[in-house]
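Trainee: Could you walk me through this one slowly? I have the sequence and the model open, and I'd like to know where to look.
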Amino acid sequence: MQSKGYAVLEASKPLVPFTFSRRDLRPGDVALSVSYAGICHSDIHQAREEWGPALFPMVPGHEIAGIVTSVGSNVTKFKIGDRIGVGVFIDSCRECSSCKSGLEQYCLQGMTGTYNNYERDGKTLAQGGYADSFIVDQDYAASIPDNLDLAGVAPLLCAGITLFSPLKNWGAGPGKKVGVIGLGGLGHMGLKFSAALGAHTTVFSHSPSKEQDARKMGANDFVVTSNPKELSKLDRDFDLILNTVSADMDLTPYLQLLKLDGTLVLIGLPINPYTINTPVLLAQRRSISGSMIGGIKEVQEMLDFCGKHNIVSEVEVVDPEYINQAYERTISSDVKYRFVIDAKKF
Ligand code: NAP
Ligand code: ZN
Ligand code: ZN
C-alpha cells in the first residue's frame, strides 16, 4: 500500500513530504485511513537522535486516530468504518509474562515501536502515523468511543495512556494528593485524569500563563516553579507526583514534597540522567519509579473511561506543512496543549 506522509530523512533535518509503501495486509491486519496524528515530544527526541542513533528515513507519529478501510481475512475485532486508535507499539512477542498479562509495553523481548524500529521480521522498517494511511495487527489497536472527537482522541493513544496508567497503578483517587509536573501534552492529560478520578491535583509549571487553563481542566492548585522558593513553602504531603518534563531538571525539591512512602514517577525522558539526593529519599521512605505508556487492555480501558467522562486532549489542529514549526513551538512549551496533524491534508 502506498502512503503519503512526512518524514525526517536525516537526524535533526526538517520534516519533508514523503511517499512510501507499507506492508501488504496480512490476515490479522486492518488498514486505516488516518484522520489525525498527534505530535508527541518523543517524536522530536527521536527525529533529533536525542535518545541515541535512530533509523531514517523516519515517519514519526504514534498517536494515531483513524477509520478502518479494509480488514484481513482473520480479523474479528474490527470492521470497515470502525474508529480505531494506534499508539506507541504495533507488536510484541505475545509469549512472555508481560505480554500474557496485557503489559505489552514491558515485553521481555522488547515491544515493536510504531516507528524508528524494525518489525519483528527484523527487516521491515516500521513507519509511523504522520501519514494518510496505516496498517496494524488487530491485536495492537483499540476502539474509540463514538461520542469523542477524533482530533482530541489522537493524543490519548500516547499522552493519555502514559498518564492514565501510573495514576491507576498508584491508586490516585479521592483522599489522595497528586502532583503533575509540566503542563504539556502528557501533563494536561494527567491533570484531567487525576481530577476525574477524584484526587486533589496540583500542577507544577514553569509557565505562569497556563494557570487559568489548568484550573479549568480541574487543578486544585497551580504552583509556578520558576521560583524554587515557592516549592519549599508547600506542605510535604503528596502521595504521588508525576514528572512529565522533557528537559533536564532537579528532582530534589519535588522529592521533598512527598509524604512518608510517597512516590515520584519519572515519565519525561530528558537526554541526561538525573542526580538523586539520597538523604531526601531516605528521610521519608520515599520512592522514585518510572512508568512507560500502557498495554492494549489498559489503552481500551482508558478510552472507555474517556468516553464515559467525555475527556479528550486539548488540541491545536495543524496542516502537515506546519509540522516543523509545531516542533519548535512544542520545545518552547508553546502549545495548548497538543499539536495534532490533520491527516486528510497529506
Ligand atoms: P511537551 O508537550 O513538550 O510537555 C513537556 C512540558 O514540560 C512542557 O509543556 C513544560 O510544561 C515542561 N517543560 C519543558 N521544558 C522545560 C524546562 N526547560 N524546564 C521546566 N519545565 C519544562 O512534551 P510531552 O509530549 O508531554 O512529553 C514529555 C516528556 O515525556 C518527553 O520527554 C517525552 O519523550 C516523554 N514521554 C514519555 C512517555 C513514557 O511512556 N514514559 C511517553 C510519552 C512521552 P510547563 O510549561 O507547564 O512548565
Ligand atoms: Zn508519545
Ligand atoms: Zn513479550
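Trainee: Are C40 and C158 buried or exposed?

Mentor: Both C40 and C158 are buried, though please keep in mind that this is a predicted model.

Trainee: And what coordinates the zinc ion (ligand 2)?

Mentor: The zinc ion (ligand 2) is held by the SG atoms of C40 and C158 together with NE2 of H62, at 2.0 to 2.2 Å, and along the chain these donors follow the spacing C-x21-H-x95-C. The pair C40 and C158 links distant parts of the chain, 118 residues apart: C40 sits in the loop between β3 (29-38) and α1 (41-47), while C158 sits in the loop between α3 (150-153) and α4 (159-169).

Trainee: What kinds of residues line the largest cavity?

Mentor: The lining of the largest cavity divides into 11 nonpolar and 3 polar residues, with no charged ones.

Trainee: Okay, and what about the second largest pocket, which strand gives the largest share of its lining?

Mentor: That would be β2, with 3 residues, in a pocket that holds about 180 Å³ of space. The lining of this second largest pocket comprises 8 nonpolar, 3 polar and 3 charged residues, and those closest to its centre include R22, E119 and Q127.

Technical notes
Residues are numbered from 1 along each chain as its sequence is written. Chains are lettered from A and ligands numbered from 1 in the order in which they are written. This is a predicted model: local features need pLDDT of at least 70, side-chain atom pairs count only at pLDDT 80 or more; totals for chains, interfaces and linings use all residues. Side-chain values use heavy atoms; hydrogens and water are left out. Donors are N, O and S atoms within 2.8 Å of the metal (3.2 Å for Na, K and Ca); water is not among the atoms, so sites may look incomplete. Helices (H or I, at least four residues) and strands (E, at least two) are DSSP runs, numbered from the N terminus. Buried means under 20% relative accessible area, exposed over 50%, partly exposed in between (1.4 Å probe, protein chains only). Ala, Val, Leu, Ile, Met, Phe, Trp, Tyr, Cys and Pro count as nonpolar, Asp, Glu, Lys and Arg as charged, and the others, Gly among them, as polar. On a 1 Å grid over the protein atoms alone, a cavity is a set of points where a 1.4 Å probe fits but cannot get out, and a pocket is an open set with protein on both sides within 12 Å along at least five of seven lines; lining residues have an atom within 4 Å of a point. Grid points are joined across faces, edges and corners, and a volume is the space filled by probe spheres set on the points.
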